[in-house]
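Notebook open, model loaded. I want to go through confidence, salt bridges, surface and backbone in turn.

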Amino acid sequence: MKKKLLAAAMLAAGAGMAHADTVTVYGLIDLGLTYYSSAPKTGGGKASLLRMDSGIAQGSRLGFKGTEDLGGGLSAFFTLETGFNADDGSLGQGGAIYGRQSFVGLSDKKLGSVSLGRQYDFMANLGGQYAMGALSPAGSMGWGLHADAAHGGALNNHIYAGDRTNNSLKYSSANMGGFTIGAMYGFGEVAGNNTAGRTISAYTGYDNGPFSTGLAYTDIKNAAGTDSTRMYGIGATYQLGAWKPFGVITQVKNTQTSAKASTYELGTVYALTALWDLSAAYQFQSRNQGVGNAQALIAMADYKISKRTDLYVGAVYDRDKGYNAYPVFGGGIQSATGNQTALRVGMRHRF
C-alpha cells in the first residue's frame, strides 16, 4: 500500500511539473531558385549561374523553446536552435549542432531577463526591426552590403541575424512605457588576458504605437585583445496605414587599420492586400582609405498562402566600385566584376 501511495504521489508530482512547463518544437524551411548574372568561371572569365539555395529569406532551422513558471512573476526559459541547409541536409554554422542559438535564463515580468550561452548581439536588433532583410523575404538579398561588400566581411556591421556571441551573459529589460534597454558581455575566456576575444554590446529602444526606433553598439576585441571591431547603429520605422517606411544607419570601424564603412538604408513595405506585400529598399555604403563606395537596389513581392506558408519573388542589383559585388551573401556567389544582379523565386514554410 505504501509503495502504491508513493508511486501515485510521484506520478501526481510529475504531472504537475509537466503542466507547469511549456516546451515548443518549431522550425522553418526556405528553399528556392536563384539566378546570378555574374559568377567567376574556373580558369577565368564569368558566366551566369542558376542554382537552388536554402535559407535566403530566412535561415532554415529546427528549434526547441521552453519556459517554466516559477511563481511570483518569475520564470525560467531556454532556447536550442540548429541551422541546416534544406537543399542538401547539411548542418549550418560550421556544423555546430545548436549553432544558431543555445541559451538558458531567468525572466521577471518587472525586471526583465538574464540569459547565458550563445546569443545574438544587439546589432541584430536593428536588422530585425528596421532593415529590408528582415521586414521582407529579401533576407540575404538585403544583407549583401551590410555583411560582405566591405571586402568579404572584414567590416561586418552585424545587423543581420546571423552573428552570434559565444560564452555571453545578456540582460534585456522589461518594457517601461515603450522603452527597453539591454546589455551583453561575451567572455573571451583567455587566462591572463580578460580583453582577448571579449565582446560588449548594448541597446536602447522605443516602441509605442506606430513609431519604433533603436540604438545599438557592439565592440569585439581581437584574439590578442589589442584592437577592436566597433559598430554603431540607429534605426527607425513608422506604420502609416498600409505603408511601413523604415531606415537604418550603421558604422563599423577596425581600430587596428582604421578602416571604416558607413551603410545607409531606406525603404518601405506596402500591404497591397491582406495576402500581398510589396517592398523595396535602397542601400549605400561609403568607405574611407580611398576604397570605392557601393550601392544596392532591392525589390520583393510576397504572397501569403496561409499564416505559415508564403511564396515570394525578388531581385537585387549591386554596384560596387571598391570590390567585386556580392548581393546575396548567403548564396556565397561573388561577382566576377563590380556589378551583379540576382533574381530569386522561393517558398518559405514555418512549423
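My entries follow, topic by topic.

**Ground rules.** I am working with a predicted model, where local features need pLDDT of at least 70, side-chain atom pairs count only at pLDDT 80 or more, and totals for chains, interfaces and linings use all residues. Residue numbers run from 1 along each chain as its sequence is written, and side-chain values use heavy atoms, with hydrogens and water left out.

**Confidence.** I looked up pLDDT, the predictor's confidence in each residue from 0 to 100. The protein averages 90, and 91% of the residues score at least 70. Where does pLDDT stay under 50? I found that stretch at residues 1-20, for which the model has three contacts beyond four places in sequence (contact meaning heavy atoms within 4.5 Å).

**Salt bridges.** My criterion is a side-chain nitrogen of Lys or Arg within 4 Å of a carboxyl oxygen of Asp or Glu. How many salt bridges does the structure hold? I get nine.

I started with Asp30 and Arg344, whose closest N and O atoms are 3.1 Å apart. Asp30 lies in strand β1 (residues 21-40) and Arg344 in strand β17 (residues 339-350), so this pair ties together parts that are 314 residues apart in sequence. For the element names, helices (H or I, at least four residues) and strands (E, at least two) are DSSP runs, numbered from the N terminus.

Is this pair buried or exposed? I use under 20% relative accessible area for buried, over 50% for exposed, and partly exposed in between (1.4 Å probe, protein chains only). Asp30 comes out buried at 0%, and Arg344 is buried at 1%.

Next I checked Arg51 and Asp53, which meet in a salt bridge at 2.7 Å, N to O. Here Arg51 is partly exposed at 29% relative accessibility, whereas Asp53 is buried at 4%.

Then I went to Arg198 and Asp219, with 3.1 Å between the closest N and O atoms. Arg198 sits in the loop between β8 (179-186) and β9 (199-208), Asp219 in strand β10 (residues 211-221), and the pair links distant parts of the chain, 21 residues apart. Both Arg198 and Asp219 are buried. I also noted that shared partners join Arg198, Asp219 and Arg230 into one salt-bridge network.

**Surface.** Which residues make the nonpolar patch? I list Leu33, Tyr35, Leu50, Met52 and Leu343, for about 470 Å². Patch residues need over 30% relative accessible area and no salt bridge; like charges are joined within 9 Å, nonpolar side chains (Val, Leu, Ile, Met, Phe, Trp, Tyr) within 5 Å. The areas are Shrake-Rupley values with a 1.4 Å probe, and for residues only the protein chains shown count as cover. Strands β1 and β2 (46-54) are the elements giving two or more residues to this patch. Leu343 is in strand β17 and counts as partly exposed at 40%.

**Backbone.** His158 has phi near 65 degrees, in the loop between α4 (144-147) and β7 (164-172). Gln289, also not a glycine, has a positive phi of about 60 degrees, and I place Gln289 in the loop between β14 (276-287) and β15 (294-304). On accessibility, His158 is buried at 12%, while Gln289 is exposed at 52%.
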